[in-house]
Amino acid sequence: MTQRQQTTEALLCGALGLCMRSGSAVTGSELICTALHKKQPMILVLLAADASEGTKKRVSDKCRFYGVPCHTLPLSASALSDALGHSGLVAAVGITSYHPAHLVADKLGIPLPSQDAPKRS
């Protein structure tokens with residue numbers, strides 16, 4: 001792993017930690033799917049690189065249906081858990097506020113729809 005990749009991962013972990021501390025993160029595939037089903041606001045969903053195929057399919061299908069961007073992180077579930085301050089493994093995290101989601105998306109280099117984009121019904 002190059003030093004640039006390590007720096008990018010450290011910045012990403014810091015941004016995810018800020019999301020968690022600000023109360024803008026939902027952790028776990030079941031809670032994310034439930035929040036999407038109940039039409040609670042979800043700006044961005046991120047999956048751990050080593051999440052199971054079933055988890056990836058279930059979460060990405062829900063995100064596609066509800067129009068929420070879903071991306072796979074370059075972090076393992078263990079590294080994602082550490083970044084979020086959880087003791088168990090976390091395979092998925094959803095971000096519910098625009099500004100924290102934009103911060104994480106910027107670290108990943110992925111585009112996000114603007115805050116003024118039409119909301120899902």
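## Overall build

Two residues are in contact when heavy atoms of each lie within 4.5 Å. By that rule, among contacts in the protein between residues at least 6 apart in sequence, 76% join residues at least 24 apart. The model described here is predicted.

The protein has five helices and four strands. Read from the N terminus, the elements follow the order α-β-α-β-α-β-α-β-α. The C-alpha trace spans about 45 × 30 × 25 Å along its principal axes. A compact globule of 121 residues would have a radius of gyration near 14 Å, and the 13 Å of the protein agrees with this. Of the 121 residues, 40% are buried. The protein exposes about 6,800 Å², and carbon and sulfur atoms supply 55% of that area.

The four strands form an open sheet in the order 1-4-2-3, with mixed pairing. Strand 1 and strand 3 (70-72) are at the edges and have a single partner strand each, so one side of each is left without a neighbour in the sheet. From one strand to the next, the twist averages 20 degrees.

Strand 2 pairs with strand 3 in the parallel sense, over three bridges. V45 stands opposite C70 of strand 3. Helix 2 packs on the sheet, where it touches strand 1, strand 2 and strand 4. The direction of helix 2 makes about 35 degrees with that of strand 4.

## Helix 2 and its cover

Helix 2 covers residues 29-37, and its buried residues are S29, I32, C33, A35 and L36. Seen down the helix axis, these buried residues fall within an arc of 160 degrees, so they line one face of helix 2. The face turned away from the buried side carries the exposed residues E30, L31 and H37.

The cover over the buried residues of helix 2 includes strand 1 (25-27), strand 2 (44-47), strand 4 (92-95) and helix 3 (53-66). Just after helix 2 comes K39, which takes a positive phi of about 60 degrees.

## K62 in helix 3

K62 lies in helix 3. Leaving aside residues up to four places away in sequence, K62 touches C33, L36 and H37. Two of these, C33 and L36, are among the buried residues of helix 2, whereas H37 is exposed.

K62 and H37 are 25 residues apart in sequence, and their C-alpha atoms are 8.1 Å apart in space. The relative accessibility of K62 is 26%. Buried means under 20% and exposed means over 50%, so K62 counts as partly exposed.

## Helix 5

Helix 5 runs over residues 98-108, with Y98, P100, A101, V104 and A105 buried. Viewed down the axis of helix 5, the buried residues fall within an arc of 165 degrees, so they line one face of the helix. H99 and D106 are exposed on the other side of helix 5.

The residue that follows helix 5 is G109, and its phi is positive, near 75 degrees.

Terms used: Residues are numbered from 1 along each chain as its sequence is written. This is a predicted model: local features need pLDDT of at least 70, side-chain atom pairs count only at pLDDT 80 or more; totals for chains, interfaces and linings use all residues. Side-chain values use heavy atoms; hydrogens and water are left out. Buried means under 20% relative accessible area, exposed over 50%, partly exposed in between (1.4 Å probe, protein chains only). Helices (H or I, at least four residues) and strands (E, at least two) are DSSP runs, numbered from the N terminus. The arc is that of the directions from the helix axis to the C-beta atoms. Two strands pair if DSSP finds at least two bridges between them. Axes are lines fitted to C-alpha atoms, for helices over the stretch in contact, and angles run from 0 to 180 degrees between N-to-C directions. The radius of gyration is taken over C-alpha atoms; the globule rule is 2.2 Å times the number of residues to the power 0.38. Accessible areas come from the Shrake-Rupley method with a 1.4 Å probe; for residues, only the protein chains shown count as cover.
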